[in-house]
Amino acid sequence: MKRKQIVMAVLTGAAVLSGCGQQETEIKETETSQTQSADPFVPEIVGTYEAEDAQLKGNVSIGSSREGYSGSGYATGFSDDSDACAFSINISEDGFYDLGLATAASDYKENYVSVDGESVGTITSDDTEFTTTYLTRVYLTQGTHEVEVSKYWGWIDLDYLVVQTSEPLDASIYDVPAELVNKNATENTKRLMSYLADNYGTNILSGQYSPDGMYGKEYTVVKNATGKTPAILGLDFIEYSPSRVANGSSSNATDLAIAYWNAGGIVTFCWHWNAPEKYLTGEWYSGFRAEQTNIDLAKIMNGEDQEGYDLLMDDIDAIAKQLQILQDAGVPVLWRPLHEASGGWFWWGASGPEAYKQLYILLYDKLTNEYGLNNLIWLWNGQDADWYPGDEYVDIIGEDIYPGEHVYTSQINKYLEAVNYTTAKKMVVLSENGCVFDPELAKRDGAMWGFWCTWGSEFVAKNTSIYSYSDQYTEEDKLKEFYNNDIVITKDDIPDLTTYPIREELQ
C-alpha cells in the first residue's frame with residue numbers, strides 16, 4: 001500500500017502550547033525548543049482504526065473488490081449526502097494530532113472530515129490505489145472522539161484511519177520579509193506591505209467584500225452587529241470587463257476603493273474576468289465560468305489563437321486603466337487576479353496549470369513593465385502547488401475556504417498546505433471565506449492567517465433591500481466576539497499608512 005502525505009507540513013521548531021487559555025498572544029515570540037535538533041521528527045502512531053470496524057451510515061457498506069486494502073475490507077458507497085463512516089478513537093493526552101485516511105478513487109475527489117461533529121477540513125483522493133492523506137495539527141483533548149468522513153464529492157473507498165502525533169510548529173514561518181517582487185513599488189505600497197509583515201503572526205486583519213463599498217449592505221450589517229468596521233474592503237473589477245460593458249454593465253468600484261483608502265482602510269481587488277464576447281456560449285453575465293464559454297487558454301498561450309490573445313490583451317488594457325487611476329490616487333492594492341484557478345470552474349483554470357501560469361506571468365509582465373503599475377501587491381490564489389507561477393511573481397499567498405455553516409475552526413490544514421507551496425517565506429492569508437474563523441483557535445493552532453476577507457451577499461446579509469445581518473454562516477454573537485478579539489485588527493486600529501515606517505529590506 002502506498003502512503004503519501006499530501007498536506008503534511010515539513011516543519012520543525014517551536015512547540016505550540018495546548019489549549020486556548022495557555023496560548024501566548026505574541027506567537028512570534030514563542031521560544032523555539034527544537035530549532036537546531038539534530039534528529040528529524042518522527043511521529044508516534046497512537047492508533048489505527050479499520051473502516052470495517054467503524055460506524056457506517058447511509059449507503060456506506062463494506063467492500064473487498066479493490067486490491068491493496070488492510071484488514072478484512074473497506075468502506076464504500078459514498079454516493080448520497082447522508083453517507084458517512086464514523087471512527088471512535090481514544091486519545092490519552094491533550095495535543096495536536098495528524099489524521100491519516102487511506103482512500104482510493106477512480107479520479108480526483110474531495111470529502112469532508114469532522115471531529116465530534118465539527119469540520120476540520122477535507123481529504124483528497126486521486127489514486128486508484130489506497131493512499132494515505134493527512135489532515136495535520138488537529139487539536140484533540142484526552143478522551144474519546146468521533147472522526148467522521150462524509151460525502152462531499154463522494155465516490156471513494158476508505159480503508160482505515162491512522163492517528164499520529166503532529167510535528168511541532170516552527171514559529172519562524174511568520175517571519176516573512178516585506179520585500180516586494182516589484183522593486184519599483186510606490187512608497188504607499190511599501191508602507192502597506194511593511195505594515196502587513198509587521199503584524200503577521202501576531203495579529204489578524206479583518207476584511208469584507210462589499211460591492212457597494214463602506215456604505216454598502218455588507219459593511220452596514222457588519223458594523224451594526226459588531227460595532228467595528230473591517231480593516232480591508234474587498235472589491236471586484238468584474239463589471240469593467242469589456243464583454244460586460246458591451247452588455248450594459250458599469251461600475252464605480254475604483255471610486256469606492258479610493259474613498260476607502262482615503263478613509264484609512266485597505267483595499268483588495270479580485271477580477272472575475274468575463275471572457276471576450278467571441279467566446280461566450282451561455283449567459284453573458286456568467287462569462288467568467290468555464291461552462292459558459294468555449295475559450296481555450298492553452299491554444300491562446302501557445303500561439304494557435306492569435307485573435308484570442310489580442311482580445312485578452314484588450315481586456316487587460318481595460319483593467320490596467322482602472323489600476324492606473326488607483327495608482328495616481330496613491331492607493332496600493334492587494335491585487336488577486338486569476339483566482340481559484342486549480343478548481344477549474346473559471347475559464348482561466350480550465351486548460352490546466354501550464355497555460356494558467358503563462359497567463360499569470362504575462363499579466364504580471366504587462367501590468368508591471370508595460371503599464372508601470374507599481375501600486376500592486378501580488379496576491380496569488382491558485383490554491384495548488386502545481387499552479388504556483390514562481391516566487392518572483394508572488395508577494396502573498398491566498399486561500400479561499402467555504403467550510404459550511406457555523407464552522408469556526410482555524411483551517412490549519414489548508415494554512416500549512418499554503419505555507420508549503422514554496423520554500424520561500426510568503427505571507428498566507430484567507431483571501432475569501434464564508435464562515436469567519438475563531439481567532440482564539442487560530443492562535444492555538446498556529447494558523448495565523450494574515451487576514452480574512454468574507455465574501456458578500458448571503459455570507460453576511462440576505463440579498464434583500466432590508467439591511468439585516470444573516471446568521472446562516474457566522475452567528476451574530478460569534479461575529480461580534482471575533483471582531484472584538486484582541487488580536488483582530490479593524491479599520492480604527494490601522495495607523496496612517498501614508499507615513500508608516502518602511503522596513504529596511506524595502507528601502
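The legends below describe close-up views of a predicted model. Residues are numbered from 1 along each chain as its sequence is written, and side-chain values use heavy atoms, without hydrogens or water. Local features need pLDDT of at least 70 and side-chain atom pairs count only at pLDDT 80 or more, while totals for chains, interfaces and linings use all residues.

**View A. Strand 19 is paired with strand 18 and strand 20.** Strands here are DSSP runs (E, at least two residues) and helices are DSSP runs (H or I, at least four residues), numbered from the N terminus. Two strands pair if DSSP finds at least two bridges between them. Strand 18 (residues 376-380) runs parallel to strand 19, with two bridges, and Trp380 stands opposite Ile397. Six bridges join strand 19 to strand 20 (residues 427-433), also in parallel; Asp400 has Glu432 as its bridge partner there. In strand 19 (residues 396-401), six of six residues are buried (under 20% relative accessible area; exposed is over 50%, partly exposed in between; 1.4 Å probe, protein chains only). Ile396, Gly398 and Asp400 lie on one side, and Ile397, Glu399 and Ile401 on the other.

**View B. Helix 6 covers residues 306-328.** Its 23 residues reach 32 Å from the first C-alpha to the last, close to the 33 Å expected (1.5 Å times one less than the number of residues). Among its buried residues are Leu312, Ile316, Ile319 and Leu323. Just after helix 6, Gly330 has a positive phi of about 80°.

**View C. Lys151 and Asp81 form a salt bridge.** The term means a side-chain nitrogen of Lys or Arg within 4 Å of a carboxyl oxygen of Asp or Glu. The closest N and O atoms of Lys151 and Asp81 are 3.4 Å apart. Lys151 lies in the loop between strand 11 (143-150) and strand 12 (157-165), and Asp81 in the loop between strand 5 (74-76) and strand 6 (84-91), so the pair ties together parts 70 residues apart in sequence. Lys151 is buried, at 15% relative accessible area, whereas Asp81 is exposed, at 67%.

View D. An α-helix has 3.6 residues a turn, so residues three or four places apart point the same way. Glu440 is partly exposed, at 22% relative accessible area, and Lys443 is buried, at 7%.
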